[in-house]
Amino acid sequence: MRIIRFLDGQQKWLAAVTDDEQAYRLPQADFMTLIHQARKQGISPVQLVESAFKPLNKLTDDWTSLHLITPLEAPEVWAAGVTYQRSREARNYEATEGKLDAKTFYDKVYDAERPEIFFKSTAARTVGSNEPVTLRSDSNWQIPEPELGLVLAADGSIVGYIVGNDMSCRDIEGENPLYLPQAKMWRNSCSIGPAIRLAETVQNPYAFSIVCEIYREGEIVVKSEASTSELNRKLDELVSFLARDNDLFDGTVLLTGTSIVPPNDFTLAPGDRIEISISDIGTLINPVISN
């Protein structure tokens with residue numbers, strides 16, 4: 001079961017999408033309201049959603065053709081770094097100018113008890129599917145980072161899973177790790193969507209397959225695949241460090257790192273289109289524009 005949000009005129013609506021691609025309008029105003037109503041009634045979110053499966057609520061349109069917006073307005077988006085071996089290798093390449101036999105602080109982060117967690121975005125900086133992500137004007141080496149996102153309640157519980165794109169400037173981060181905020185955070189540098197998979201409907205979050213395709217002038221120029229089975233961290237572990245001595249807000253999203261990094265000679269260009277798919281969640285599509 002997935003939850004989407006869409007625009008109909010000026011009105012924002014929540015809807016549920018079943019595994020056979022049937023969509024039903026929901027009465028709740030937003031995703032976290034749905035979660036809290038279910039808890040208050042002592043039922044699961046799926047049970048609450050299914051109570052709205054009535055003919056009058058059924059959407060006749062293909063749900064992917066709706067004017068989709070971010071499934072929730074995440075007050076904060078955080079991200080974890082160097083959680084996959086591929087990410088470790090890419091960060092080492094950047095930091096050492098290609099000297100792959102050199103050891104760096106990224107190796108320490110990968111093996112350390114404490115994970116790397118950094119602030120990524122706010123609701124105002126975050127876009128949804130089919131909305132453009134922007135390129136930073138002072139970077140010459142930029143890529144998307146396809147990631148599984150965790151949707152969190154204020155108590156730290158994982159209530160959903162979402163597709164995330166953590167846009168990154170490899171040259172800025174490689175120049176100096178203290179430049180990480182500038183390498184990660186700028187206008188429209190984060191995308192999430194198109195749907196939230198309810199956590200209770202996921203048997204094994206370490207079995208998601210992730211595919212990233214980048215199109216240029218209608219042709220695929222990058223295609224890579226990965227699996228969350230390659231994660232070097234446990235999801236609950238990442239959440240516990242984010243919540244440690246920190247306030248979590250309902251609807252916070254935690255991106256869990258990437259195992260997909262385009263070739264070292266690739267950089268995004270205006271006009272490119274990024275498509276990130278995670279099994280059982282959906283495909284997040286973003287055109288690329290200049291800032």
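Author: Glu213 is buried, with a relative accessible area of 15%; buried means under 20% relative accessible area, exposed over 50%, and partly exposed in between (1.4 Å probe, protein chains only). This is a predicted model, in which local features need pLDDT of at least 70 and side-chain atom pairs count only at pLDDT 80 or more, while totals for chains, interfaces and linings use all residues. Residues are numbered from 1 along each chain as its sequence is written, and side-chain values use heavy atoms, with hydrogens and water left out.

Glu213 pairs with Lys223 in a salt bridge, with the closest N and O atoms 3.4 Å apart. A salt bridge here is a side-chain nitrogen of Lys or Arg within 4 Å of a carboxyl oxygen of Asp or Glu. The pair links distant parts of the chain, 10 residues apart: Glu213 is in strand β14 (residues 209-216) and Lys223 in strand β15 (residues 219-227). Helices (H or I, at least four residues) and strands (E, at least two) are DSSP runs, numbered from the N terminus.

Ile274 is among the residues with the most contacts inside the largest nonpolar core, which has 43 residues; Leu150, Leu152, Tyr161, Leu254 and Leu268 are the others named. Such a core is a set of buried Ala, Val, Leu, Ile, Met, Phe, Trp, Tyr and Cys residues joined through side-chain atoms within 4.5 Å. Helix α7 (residues 235-243) gives the most to this core, with four residues. A second, separate core of 30 residues includes Leu14, Val49, Leu72 and Val253.

The salt bridges number 13 in total. One of them joins Arg2 and Glu21, with the closest N and O atoms 3.0 Å apart. Arg2 lies in strand β1 (residues 2-8) and Glu21 in the loop between β2 (11-17) and β3 (23-26), so this pair ties together parts that are 19 residues apart in sequence. Arg2 counts as buried at 6% relative accessibility, whereas Glu21 is partly exposed at 40%.

Another salt bridge joins Arg197 and Asp19 (3.0 Å, N to O). Because Arg197 lies in strand β13 (residues 190-198) and Asp19 in the loop between β2 and β3, the pair ties together parts 178 residues apart in sequence. Arg197 is buried, with a relative accessible area of 4%, and Asp19 is exposed, at 55%.
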